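User: Hi! I'm new to reading protein structures. Could you walk me through this one?

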2 protein chains.
Amino acid sequence: MLIKDSIDRSNARGYLRIATEEAFAPASVLEHYRKLKLDDPGFNSLWGFYLGSPSERAQSVIRRLQDLGGERLADMDASGIDHQVIALTSPGTQVFDAATAAAIAIDANDELSAAVNAHPDRYTGMVAMAPHNPDSAVREIERGVKQLGFKAVILNGHTLGEYHDAQRYWPIYEACQALDVPVYLHPNAPPKAMIQPFLESGLDGAVYGFGVDTGLHMLRIICSGVFDRFPKLQFIIGHAGEALPFWQYRLDYMYGAGQRSRRYPHMPLLEHPISHYLSHNVYITNSGVAWQPAIEFCQKVIGVERVLYAMDYPYQFQADEVRTLDEMTIPAEHKKMFFQTNAERVFKLGR
Amino acid sequence: MLIKDSIDRSNARGYLRIATEEAFAPASVLEHYRKLKLDDPGFNSLWGFYLGSPSERAQSVIRRLQDLGGERLADMDASGIDHQVIALTSPGTQVFDAATAAAIAIDANDELSAAVNAHPDRYTGMVAMAPHNPDSAVREIERGVKQLGFKAVILNGHTLGEYHDAQRYWPIYEACQALDVPVYLHPNAPPKAMIQPFLESGLDGAVYGFGVDTGLHMLRIICSGVFDRFPKLQFIIGHAGEALPFWQYRLDYMYGAGQRSRRYPHMPLLEHPISHYLSHNVYITNSGVAWQPAIEFCQKVIGVERVLYAMDYPYQFQADEVRTLDEMTIPAEHKKMFFQTNAERVFKLGR
């Protein structure tokens, strides 16, 4: 069992470090990316770089993504990470046709499951799925949760340009609520319909485009009324909540103004202000944001029980950041919630 | 002189309230908007609503935008605003052809100048200009600053889809640095190349689209190297810095990673990390964000001397918000800087 096996390592500092937005990619998936001819400038920008650049960063990311054994465990030990919650890296299955995507999800889940079974105290899995066909996605989610013991579902932004607020995807959310597993909404590059002004200035990726597109996606899901229909459904978003906690006041004010004036007659009237959903249906990780001001801000606005640690390995593998976060001047009980106990609860670790 | 005339009103609370992102529109400009046929979904969404909706919100905004006399002064008195720094409302001139735009700028500046001259203790002007033709824009900026006594330049997002990081616009920035006046980068609706995923979910306007597009625009300007070329140039952005202070850690990390790996060979290598420009070349107002957590966050990250008060009248005319901000639990000297003295310094009020 996770907690029992790891407790020795946590004694000195009083908490385990559980990293909750960590990525892997089977070699076969990277090969699919390499061969893919897609009219998606964001995909081409991102994977053209990682698969084509001779830079140290690209080489390191590509090598580490594929490893679920020695190098990853050594990196975790070196940086002090007790446990990783791992997902198929973005965009996962979501750039392929439905049949290819469904097959990739099954293979990726099987590969991740083997690693989790080999190192159950170090790894927890998230279910990859192909949202293209929601009924088939639900079947793979059920297999992942019930048979493989995975604890969340990964959703990587848009699928071939389509956002997942559309009602045809809601069976996925119904299943996740029924299975009591959260959906991790991970960034993807902004879709073709949005990316051009980001791309031409080198701002399409993790530097900015990922964040605003994922914030938009989360808002679209909230504004679609998904959480009024499935009030127990939980999402997780990384990167300090993709800045949505910071936008909370304006979101409430202007969304309320828009609803009162019926500026968008096709949009449903929500039961609550947007901030309600952020603090009842959304967990936040600090992936990519090893920075006390933003973490504390999220704890204050969304709730200290809703903010979780993540490293974003191997995209942001920085031992220094772990030390910085250890040294945060926040109450010790909040630090333990952040690094350990919130993740144990949300992902039902050790159960 | 502004400060002397107003000091009586400030005695009880110890500071003047100077609102720094306030809007007006000559009736003739609204008439131009009404007649304009433009392939710009963001403009059509925004002004289709304000000029077409029977809602209380739209009617109030349209009426109050046109008033630079009795109603505005009464609203200021009712809500406790001592002074407004006023600009032609977005998108200003920037949806018209170059000749029409230049003529509109001159007319708007003349109309605003008359109001400032009639109420010098209550109003300060920002210069409207047509960036289409930078040389002509510079001439109008010089007239506005030297002859009309205006204290800043308003730039409303993209001009017909084009962002203002392009070098052909740099003569405007050179002039602003030489004249020592700041550029207020105000939101516009996201351009056609970006807006679709926002628009279809009712998130294109002030609720979210404005913010991320203005953040993108500010980042594009920073990443173009404008501030390496004109290091004394100052920008102002509203809405709690369009969330850029919140993104600061990730911006520095990922922009640095991109520069080191030369992911975008066409982008210049900046002399400093992005955070340097945010705290040396950018002022922030809290327009639309009457919320202590975000204001304090900006003060901490960007500097307490760089955060200014704004109401966003008449788009966000809320007397309650003034009281809320008066009651912020921040040091009294920071509150006075926020409401009064930062604005006096940045806009050289009373001088």
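This is a predicted model: local features need pLDDT of at least 70, side-chain atom pairs count only at pLDDT 80 or more; totals for chains, interfaces and linings use all residues.

User: How far is B:N117 from B:L148 in space?
Analyst: Their C-alpha atoms are 9.0 Å apart, while 31 residues separate the two in sequence.

User: What about B:K146, where is that found?
Analyst: B:K146 is in helix α7 of chain B, residues 134-147. B:K146 counts as exposed, with a relative accessibility of 60%. From B:K146 to B:L179 is 33 residues along the chain, and their C-alpha atoms are separated by 8.8 Å.

User: Switching to chain A: how many residues does helix α7 have there?
Analyst: Helix α7 of chain A has 14 residues, 134-147. From the first C-alpha to the last, α7(A) reaches 19 Å, close to the 20 Å expected at 1.5 Å a residue.

User: Which residues of α7(A) are buried?
Analyst: Among them are A:V138, A:I141 and A:V145.

User: What covers them?
Analyst: The cover for the buried residues of α7(A) includes α6, β3, β4 and α8 of chain A.

User: And what follows that helix?
Analyst: A:G149 follows α7(A), and its phi is positive, near 75°.

User: You mentioned β3 and β4. How many bridges join them?
Analyst: In chain A, 2 bridges join β3 (residues 123-127) to β4 (residues 152-156), and the two strands run parallel. A:V127 stands opposite A:V153, which is in β4(A).

User: What is the order of the strands in the whole sheet?
Analyst: The open sheet has 8 strands in chain A, in the order β1-β2-β3-β4-β5-β6-β7-β8, with parallel pairing. At the edges stand β1 (18-24) and β8 (307-308); each has a single partner strand, so one side of each is left without a neighbour in the sheet.

User: New topic: what rotation superposes chain A on chain B?
Analyst: A rotation of 180° does it, with 0.0 Å of shift along the axis and an RMSD of 0.0 Å. That is the relation of a two-fold axis. A:M194 is the residue of chain A that comes closest to this axis, with its C-alpha at 1.8 Å.

User: How many residues are in contact between the chains?
Analyst: 68 residues of chain A are in contact with 68 of chain B. The area buried between them is about 5900 Å², and carbon and sulfur atoms give 67% of that. On the chain A side, A:F246, A:Y249 and A:R250 lose the most area to chain B, together 13% of what that side buries.

User: Why do the copies meet through the same surface?
Analyst: Because 100% of the interface residues of chain A are also interface residues in chain B.

User: Last one: how many residues does the largest nonpolar core have?
Analyst: The largest nonpolar core has 267 residues. Those with the most contacts inside it include A:Y208 and B:Y208. Beyond its close sequence neighbours, A:Y208 is in contact with residues including A:F198, B:G211, B:G215 and B:L219. Helix α10 of chain B spans residues 209-223, and 15 of its 15 residues are buried.

Notes:
Residues are numbered from 1 along each chain as its sequence is written. Chains are lettered from A and ligands numbered from 1 in the order in which they are written. Side-chain values use heavy atoms; hydrogens and water are left out. Two strands pair if DSSP finds at least two bridges between them. Helices (H or I, at least four residues) and strands (E, at least two) are DSSP runs, numbered from the N terminus. Copies are superposed by least squares on the C-alpha atoms of residues with pLDDT of at least 70 in both. Contact means heavy atoms within 4.5 Å. The expected span of a helix is 1.5 Å times one less than its number of residues. Buried means under 20% relative accessible area, exposed over 50%, partly exposed in between (1.4 Å probe, protein chains only). A nonpolar core is a set of buried Ala, Val, Leu, Ile, Met, Phe, Trp, Tyr and Cys residues joined through side-chain atoms within 4.5 Å. Buried area is the accessible area (1.4 Å probe) that two parts lose on being put together, summed over both. Lists of a residue's contacts leave out its neighbours within four places in sequence.
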